[in-house]
Amino acid sequence: MAEIQLKHMYKKFEDGVTAVKDFNLEIKDKEFVIFVGPSGCGKSTTLRMIAGLETISDGELIIDGKRMNEVPSCDRDMAMVFQNYALYHHMSVYDNIAYSMKLKRVPKAEIKKKVGEVAEKLGLSEVLDRKPKELSGGQKQRVAMGRAIVRNPKVFLMDEPLSNLDAKLRNQMRAEISSLYQESDSTFIYVTHDQVEAMTLGTKIVVLKDGEIQQVATPKELYEHPDNLFVAGFIGMPPMNIFDGACVPVNGVLHIRVGKALLPLPAQMAEKLRRGDYINQDLMVGVRAEDIKLATDGQLESRVEVYEMLGDYAYLYLTYAGQKVCVRVSANTDVRRGDTIRITFDMEKIHLFDKYRKHRI
Ligand SMILES: Nc1ncnc2c1ncn2[C@@H]1O[C@H](COP(=O)(O)OP(=O)(O)O)[C@@H](O)[C@H]1O
Ligand SMILES: [Mg+2]
């Protein structure tokens, strides 16, 4: 059981940097929460405050109803896995994994059994006698995981644990972390700058920018309903196409103007724009690569600058009205670099944002 609440948490460093601002979050038991955002946005600092490795400047950390601000790190029943593994270099793999149990004076036979089980699960049985420097990056990462797993903590805290691995190993370890989560009863808090990792692992994602929460949502909600332009541009690969646009009435029907194209709005969106006083106002129009279609009567016309084949689909890159555009098409589509194409948006799937306040309309 671990219900974690972060209430108005701040981190102000001595040099004046406020790394975390008014962080509010409720984490339920057995959730897999991700903190994602660009480098320097305060992910590690927030995680370290939860772990007790960093003091909380203001606000409260509550776990299962109890204030934790003053509770030392070692009494928080959390296990942390770091990007740089932080192994004990003079100890063997066996001793690294066994360390916390030895400290707790767990009987030797029990330690042996537990280390054996975890090593088996993580594919480390053959290297238990080695020192960390004799291991590959992936093996070191597994030892760090093993060390956390044997503690059977209430909460796993992971700070970019896969960032030092190559792409293939990263995918493999991602799947392993996922099954570790499925099999355990622990709550996970996981920091990454990689939105693919965030989307595939998390049950709840917290998007951060400049020390402030931008949105808290499931992966699906984030993708389908980003709350603001930052989240829209950050979540999703390729990033959402974003255009300068305007809301204009044509014969009593509201349209979006993008470049020279005039695209009629679905009734519900038109109603929102009316209510928000956006008629004849500038706004930002977001549309994902898969929501742009080739159409002979499409109003947006441009030349394909790059054709990128990715198996059963391909990306076309072009420029329209000064904006770079990425269009996803089937690999069977007979369009190549240099071709001039006409495209249109799936208007039910477009995202509209306030140009100045940056939020979703
Ligand atoms: N010990 C520290 N002293 C002063 N500033 C720090 C310290 N640790 C981190 N920061 C600053 O706090 C901000 C957030 O850092 P961090 O939490 O490490 O970001 P992230 O993990 O998202 O990359 C950054 O501007 C960073 O420079
Ligand atoms: Mg960090």
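This is a predicted model: local features need pLDDT of at least 70, side-chain atom pairs count only at pLDDT 80 or more; totals for chains, interfaces and linings use all residues.
Local features here need pLDDT of at least 70 and side-chain atom pairs count only at pLDDT 80 or more, while totals for chains, interfaces and linings use all residues. Residues are numbered from 1 along each chain as its sequence is written, and chains are lettered from A and ligands numbered from 1 in the order in which they are written.

I start with the ligand. The shell around ligand 1 includes F13, D15, V17, A19 and K43; a residue is near if its C-beta atom, placed from the backbone, lies within 6 Å. The shell divides into four nonpolar, six polar and two charged residues. In this scheme Ala, Val, Leu, Ile, Met, Phe, Trp, Tyr, Cys and Pro are nonpolar, Asp, Glu, Lys and Arg charged, and the others, Gly among them, polar.

Helix 1, residues 43-51, gives the largest share of that shell, three residues. Helices are DSSP runs of H or I, at least four residues, numbered from the N terminus. Eight of the nine residues of helix 1 are buried, so the rest of the structure largely encloses it. Buried means 20 or more other C-beta atoms, placed from the backbone, within 10 Å of the residue's own; exposed means 12 or fewer. T55 counts as exposed because it has 11 C-beta neighbours inside 10 Å.

Now the pair. Helix 2 (residues 93-103) and helix 3 (residues 108-122) pack at about 135°, axes 10 Å apart. Axes are lines fitted to C-alpha atoms over the stretch in contact, with angles from 0 to 180 degrees between N-to-C directions.

Definitions and conventions: Helices (H or I, at least four residues) and strands (E, at least two) are DSSP runs, numbered from the N terminus.
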